[in-house]
Amino acid sequence: DTSVNLQDFSQTTVSGDITQLLRTAINDLYLNVRYEDDTIRTLLLPAGTYTVSGVVDIPPTVNLVGNGRGITTLVLNSAGTNLFRTVDKLGSHFEQGMQFDDRANKDIVIRDMTLAYSGNYQNNMSLISLDNTENPKLVNLEFTTISTLTQFVSSGIGVSVRGSIGVDESTVICRDIEITNCKFNMLNTAVLEDGNVSKTVIEKNEFTNVNQGIVATSTSSQMPSDILV
């Protein structure tokens, strides 16, 4: 099947903390040598509110689809970690050094769900960290903090985009990022770009109760570049 429900990986009803279940499903669908690289696979996340207690790595070509914002909700119940972060085909993350060849991260899609911090923790790690990835698409997502307060919060980043490979348009691999029709609420920063990043489209998004909307910064005089808002 080209579409598989997370429920198919569990012998009981999906509920509570789904961290390990989600990791198992992603590894089976997207890091499985039985599948050809161009096999299209979609992992469907059922309606409900679930806890994620540690980072879930996103290798190349992951396609995660929920039932909609506020219908499928993942709550990060931990401090000092991302909810999702991109890794290369070997499983290496940003701090470990990622690949820039055919093992690089590319073509991921995350859409139609709410991603939230638990209000019990302060967390300066982003809910989604797009690191050294090409052509990622974030569509119809809500990024928020679960809290009874309706005010700005001092921590939390919706999406971070980080590039450490390449120095110009011919070599940079963190590129062609699309963030579309998303809602950012109750966060310190909505979108943070840092490093060698090119061609980001941030379109038709809603920003409420955030201290900073879109921040682009780098030690390089050339990057990030070509940001379309």
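These legends go with a few close-up views of a predicted model.

Before you start, note that residues are numbered from 1 along each chain as its sequence is written. As the model is predicted, local features need pLDDT of at least 70 and side-chain atom pairs count only at pLDDT 80 or more, while totals for chains, interfaces and linings use all residues, and side-chain values use heavy atoms, leaving out hydrogens and water.

**View 1. Strand E9 and how covered it is.** Let's begin with E9, which spans residues 109-118. Strands (E, at least two residues) and helices (H or I, at least four) are DSSP runs, numbered from the N terminus. Nine of the 10 residues in E9 are buried, where buried means under 20% relative accessible area, exposed means over 50%, and partly exposed is in between (1.4 Å probe, protein chains only).

**View 2. The strands that pair with E9.** Two strands pair if DSSP finds at least two bridges between them. E5 (residues 63-65) runs parallel to E9, with three bridges, and here Val65 sits opposite Arg111. E6 (residues 72-76) is also a parallel partner of E9, this time over four bridges; look for Thr73 across from Thr114.

View 3. Asp107 belongs to the loop between E8 (105-106) and E9. Its phi is near 60°, a positive value in a residue other than glycine. Asp107 is partly exposed, at 34% relative accessible area.

**View 4. Lys199, inside a strand.** Here's another positive phi in a residue that is not a glycine: Lys199, at about 60°. Lys199 lies in E16 (residues 197-203). Its relative accessible area is 33%, so Lys199 counts as partly exposed.

View 5. Setting aside neighbours within four places in sequence, Asn105 is in contact (heavy atoms within 4.5 Å) with several residues, including Ile58, Pro59, Thr86, Met98 and Glu134. The Asn105 side chain reaches the backbone oxygen of Ile58 at 2.9 Å. Glu134 is 29 residues away along the chain, yet the C-alpha atoms of Asn105 and Glu134 are separated by 6.5 Å.

Key: A polar contact is a pair of N or O atoms within 3.5 Å; within protein, one must be able to donate a hydrogen and the other to accept it, and residues adjacent in sequence count only if both atoms are side-chain atoms.
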